[in-house]
Amino acid sequence: MNHEIIFDAEVAVPETIPAKMKEVITAALAAEQVELPCEINVLLTNDEGIHQINLDMRQVDRATDVLSFPMFDLEPGVPPQGEAYLDPATELCPLGDMVISLERAEAQAEEFGHSLEREICYLTVHSILHLLGYDHMDEGPMKAQMRGREEAILGELGITRT
């Protein structure tokens, strides 16, 4: 599938990260059986940048690791289908936007004892699942469902916790 992934960075990004993120996004969309070509906007920023976006868009006054802004209100496991989801100008499904704090990802990678690349891959899958309607606001079945999909997708790519 030929997805349009638009990267923007407000910080210095290791050279391998955009290609790895594209691989993960493509794999996650395939695993979730998304058959429409999608457009996804990705912003890599720092804690200050994501804090401001979190405050502006969600009225949450703190930094976080990843934010997802889905274009559609989808059900988990039910991908967008049909022409109604396509932008007539691009013939792409504008799935939404993801914002990742590279600063927070670096700190979490160190905290969890794995590489920055692994942490970015996890945050990328996490965000794609949010764009596809998954959520983890409860500590029960919704969170378990999302975590299960994250691990399955990363596992298919050979990306493990260590």
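In this predicted model, C93 is buried, with a relative accessible area of 0%. The sulfur of C93 lies 4.4 Å from the closest cysteine sulfur, that of C38, which is too far for a bond. C121 also counts as buried, at 2% relative accessibility. For C121 the closest cysteine sulfur is again in C38, at 19 Å, and this distance too rules out a bond. A disulfide is a covalent bond between the sulfur atoms of two cysteines. The cut-off applied to the pair of sulfur atoms is 2.5 Å, and a search of the whole structure returns zero disulfides.

The strands are arranged as an open sheet of four, in the order β1-β2-β4-β3, with mixed pairing. The edge positions are taken by β1 (4–9) and β3 (66–70); each has a single partner strand, so one side of each is left without a neighbour in the sheet. From one strand to the next, the twist averages 15 degrees. β1 and β2 run parallel and are joined by six bridges. Within this part of the sheet, I6 stands opposite N41 in β2.

Two helices are described here by their packing on the sheet. α1 touches β1, β2 and β4, and its direction makes about 140 degrees with that of β2. α4 packs on the sheet through β2, β3 and β4, with its direction at about 25 degrees to that of β3.

The largest nonpolar core comprises 36 residues, and L29, I40, L95 and I128 are those with the most contacts inside it. Two or more residues each are given to this core by α1 (17–31), β2 (38–45), β4 (93–101), α3 (102–112), α4 (116–131) and α5 (141–156). Of these elements, α4 provides the largest share, nine residues.

The surroundings of I40 were examined with residues up to four places away in sequence left out of the count. On this basis I40 touches E4, I5, I6, I25, L29, L95, G96, M98, I128 and L131.

Note on methods: Residues are numbered from 1 along each chain as its sequence is written. This is a predicted model: local features need pLDDT of at least 70, side-chain atom pairs count only at pLDDT 80 or more; totals for chains, interfaces and linings use all residues. Side-chain values use heavy atoms; hydrogens and water are left out. Buried means under 20% relative accessible area, exposed over 50%, partly exposed in between (1.4 Å probe, protein chains only). A nonpolar core is a set of buried Ala, Val, Leu, Ile, Met, Phe, Trp, Tyr and Cys residues joined through side-chain atoms within 4.5 Å. Contact means heavy atoms within 4.5 Å. Two strands pair if DSSP finds at least two bridges between them. Axes are lines fitted to C-alpha atoms, for helices over the stretch in contact, and angles run from 0 to 180 degrees between N-to-C directions.
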